[in-house]
Amino acid sequence: MNVRVIPRLDIKGPNLVKGIHFEGLRVLGKPERFARHYYETGADELVYMDAVASLYGRNNLLDIVRRTADEIFIPLTVGGGLRGVEDIRQVLRAGADKVSINTAALQRPELIREASLAFGSSTVLVSIEAIRRPDGSYEAYTDYGRQSTGVDAKDWARKAVDLGAGELMVTSIDRDGTGQGYDLELVRSIASTVPVPVIAAGGAGTADHVLQAITEGRADAVCVASLLHYRFVRECRYDPGEFAEEGNIESLRKGARYSKISDVSLPELKARLEEGGISCRGPLPQEGRP
Amino acid sequence: MGRSPRVAIVDYGLGNLYSVSRACVHAGLDAVVTSDRQAVTSADGIVLPGVGAFGDAMATIRKLDLAEPLRDVVRQGTPLLGICLGVQLLMSRSEEFGDHEGLDLVKGTVVRLKDPREGERALKVPEVGWNGIHRPRRGSPGDPWVGSPLEGRSEGQSMYFVHSYCVQPEDPEVILSVTRYGQIEYCSGVRRGNLSAFQFHPERSGAAGLAIYGAWARLIRSRSHGEASA
């Protein structure tokens, strides 16, 4: 079995952003450019997450999805602020292959069933974003980490699968953007108890953290953001003038680095996983490239 | 060269047909997403895509009155490309949620991926992700990929899969490729005459997948040419 390495791109307006614990979002660049780079260097899938979907209109995101789907030919999952079957249909029409739902599903779990009946289970990914409680259990949060629910993350995972979720993405909000590594206990507690694939997310600061998510966390796939983004930012030497005025681009001007992140390229990351005994899809042949 | 071959992507209500359509365009095909019988039967090539449940898909195909017309045009030689659920629909029957009849264009059944394991570790069903395609071991001489949409692909090439079920054709000669998931080896590609069908999604399998659409487009062109000069 090949483990999937999935770059996650958080999007705010026209820009790719990255924060810590889902907050303090920094602008890193244009999502399409990162998407194309990751496609060309061996990404197995891509995830687009609209960080502020409930606050702004979604037209921006649909345009970005359309432009991306026109030039990349790997699965694209889109999430953030999808409220119902019609929202999901719109995103799929724009070219997404799967959708990720969290807030709306916790508010009305039947949405999972409706969406999986309408579009097929394999199209419906339920994103579980959790914070560790003092007693060691985990609580599911909604609204990009802003809203507590009182729902136990493990119970919710099982229920989501029963309702028809084809995959789960499990994100530790505590670890997100920190570079301290995935919350292995959170990932394992869900990945080892549900029959569907589980994608680990939140916290990777080194290639070894990614390896641990698979070997110790039992994840079937891994989501990676800062680890890859900061490398690409470093390598491509952006012209900050390229960005829309909005957003925090200070860090980009200064050459964004975050000391807790030992950035890697996708081929380096996959080489490390292979060394650790995890099989991955190999490098892409360049023939027939669009 | 004349006009682009026109292909009909059969729309029976489920799934993302955008990427299938983009891949066809990339291969120089003039693609239309349609559930109209006339548009399907008059096309130079047909893509039977699919996401979702077998029973629902067959019910919709029958409701749209497409089952018999599809069988007819395939018998008349129109190239058909089945994808994911599309390969399963070609079979005689499926055991997914009960027992359902398929299009019966290829004798065989659709069965669940049963308890895949890798050593100690149970693998997940559905299988979601990249996996290799291999030539089947079979009696007849020659490379089965030559002259098929897999011509030019390398042995073990990774393709993108999302499925809980797989096909078991009765005639081993129609098996074009096999794939291993844990201890299970299943048929991931089928070819019989003008029928080509895959369990994976070539339109989501990067450059190697696009090359499959390219090779299929060449098959359509060579057939159209043959007719024109006949």
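Chain A holds 11 helices and 12 strands, where helices (H or I, at least four residues) and strands (E, at least two) are DSSP runs numbered from the N terminus. This is a predicted model, in which local features need pLDDT of at least 70 and side-chain atom pairs count only at pLDDT 80 or more, while totals for chains, interfaces and linings use all residues. Residues are numbered from 1 along each chain as its sequence is written, chains are lettered from A and ligands numbered from 1 in the order in which they are written, and side-chain values use heavy atoms, with hydrogens and water left out.

**Chain A as a whole**

- Of the 290 residues in chain A, 63% are buried; buried means under 20% relative accessible area, exposed over 50%, and partly exposed in between (1.4 Å probe, protein chains only).
- Among contacts in chain A with a separation of 6 or more, 70% come from residues 24 or more positions apart, a contact being heavy atoms within 4.5 Å.
- Helix α9 of chain A, residues 226-236, is mostly covered, with 9 of its 11 residues buried; among them are H229(A), Y230(A), R231(A) and F232(A).

**Where the chains meet**

- The contact draws on 45 residues from chain A and 33 residues from chain B.
- Together the two chains bury about 2900 Å², 52% of it on carbon and sulfur atoms; this buried area is the accessible area (1.4 Å probe) that two parts lose on being put together, summed over both.
- Between chain B and chain A there are 3 salt bridges, each a side-chain nitrogen of Lys or Arg within 4 Å of a carboxyl oxygen of Asp or Glu.
- One salt bridge pairs R204(B) with D97(A), with the closest N and O atoms 2.7 Å apart.
- On the side of chain B that touches chain A, two or more residues come from each of α1 (18-26), β10 (127-132), β11 (158-163) and α6 (206-229) of chain B, and α1(B) gives the most, with 5 residues.

**Salt bridges within the chains**

- Over all chains, the structure holds 39 salt bridges.
- K98(A) and E45(A) meet in one at 3.2 Å, N to O. K98(A) sits in strand β6 (residues 98-101) and E45(A) in the loop between α1 (31-40) and β4 (46-50) of chain A, so the pair ties together parts 53 residues apart in sequence.
- Both partners are buried: K98(A) has a relative accessible area of 4%, and E45(A) is at 1% relative accessibility.
- In chain B, R75(B) forms a salt bridge with D72(B), with the closest N and O atoms 3.6 Å apart. The two are 3 residues apart in helix α4 of chain B, which means about one helical turn between them.
- R75(B) is exposed at 58% relative accessibility, whereas D72(B) is partly exposed at 34%.

**A buried arginine to look at**

- R221(B), in helix α6 of chain B, is buried yet has no salt bridge, and the nearest side chain of opposite charge, D44(B), is 9.1 Å away.
- A polar atom of the R221(B) side chain lies 3.2 Å from the backbone oxygen of G28(B).

Terms used
Lys and Arg count as positive and Asp and Glu as negative; His and the chain ends are not counted. A polar contact is a pair of N or O atoms within 3.5 Å; within protein, one must be able to donate a hydrogen and the other to accept it, and residues adjacent in sequence count only if both atoms are side-chain atoms.
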